[in-house]
Amino acid sequence: MASSQYSREGEDISVMAVKTQNHLLVQEVHRLEETNRALQRSKDESNSKLLMELEALRGSLRNMVQKQQAAEDAQMQGLCPSCEETELIKQELFYSLVLGIKLNLIMQGRSCVQNAMDLYAQCRKEKVHYTKWNSWLHPKLDHAL
């Protein structure tokens, strides 16, 4: 009978230990879930901000492309703005392209520290036409990671 009593007490202690361990594990799971939700919220907020910035840059890029097209049309008609003004518009367009591509890379979890001014100088040196800048920039920025 004493052996049966000790066996029963041992089982009770084992059950209590398992319940305690189970409770601690449930608490840890809840803590990890909350941490995961917080990280997801942070990531979502960051993605949202980047998407808004990307859309703003795309709008800016569209405006610059339209300005560049208008400048080229005016040049064809002999109404060309100054060469300096055209060059500034081209430079703004180039920097916007670089920034847009870099933001896309960031959205993909990659970053790029390539200097836009250095790229612009290289692009001018290679005499890349502005309509080819986007395709010229992608490999340069992709390989600069």
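Colleague: Of the contacts in the chain with a separation of 6 or more, what percentage comes from residues 24 or more positions apart?

Modeller: Please bear in mind that this is a predicted model. Contacts here are pairs with heavy atoms within 4.5 Å. Among those with a separation of 6 or more, residues 24 or more positions apart account for 67%.

Colleague: Which pattern does the chain follow along the sequence?

Modeller: The chain contains four helices and zero strands. Read along the sequence, the pattern is therefore α-α-α-α.

Colleague: Is Ser 96 buried or exposed?

Modeller: Ser 96 belongs to helix 2. Leaving aside neighbours within four places in sequence, Ser 96 is in contact with Ser 60, Leu 61 and Met 64. The relative accessible area of Ser 96 is 11%, and the cut-off for a buried residue is under 20%. Ser 96 is therefore buried.

Colleague: Why do the buried residues of helix 3 lie on the same side of the helix?

Modeller: The residues concerned are Ala 116, Leu 119, Tyr 120 and Cys 123. They lie on the same side of helix 3 because the arc they cover around the axis is only 100°.

Colleague: Which residues are exposed on the other side of helix 3, and which helices do its buried residues pack against?

Modeller: On that other side, the exposed residues are Met 117, Asp 118 and Lys 125. The buried residues of helix 3, for their part, pack against helix 2 (83-107) and helix 4 (133-142).

Colleague: Which residue caps the N-terminal end of helix 3?

Modeller: Helix 3 spans residues 116-125. At its N-terminal end, a side-chain oxygen lies 2.7 Å from the backbone nitrogen of Met 117.

Colleague: Which helix gives the largest share of the lining of the largest pocket?

Modeller: About 150 Å³ of space lies in this pocket. Its lining includes Glu 87, Lys 90, Tyr 120, Cys 123, Arg 124 and Trp 133. Helix 2 and helix 3 each supply at least two lining residues. The largest share, three residues, comes from helix 3.

Colleague: How many charged residues does the lining of the largest pocket have?

Modeller: Lys 127, which takes a positive phi of about 55° just after helix 3, is one of the lining residues. By class, the lining has five nonpolar residues and one polar residue, and the number of charged residues is four.

Conventions:
Residues numbered from 1 in each chain as written. Predicted model: local features only at pLDDT ≥ 70, side-chain atom pairs only at ≥ 80, totals over all residues. Heavy atoms only, no water. Buried < 20%, exposed > 50% of the residue type's maximum accessible area, 1.4 Å probe, protein only. Arc of directions from axis to C-beta. Polar contact = N/O pair within 3.5 Å; in protein donor to acceptor, adjacent residues only side chain to side chain. 1 Å grid on protein atoms, 1.4 Å probe; cavity = no way out; pocket = protein on both sides within 12 Å on 5 of 7 lines; lining within 4 Å. Points joined across faces, edges and corners; volume = space filled by probe spheres on them. Nonpolar A, V, L, I, M, F, W, Y, C, P; charged D, E, K, R; others polar.
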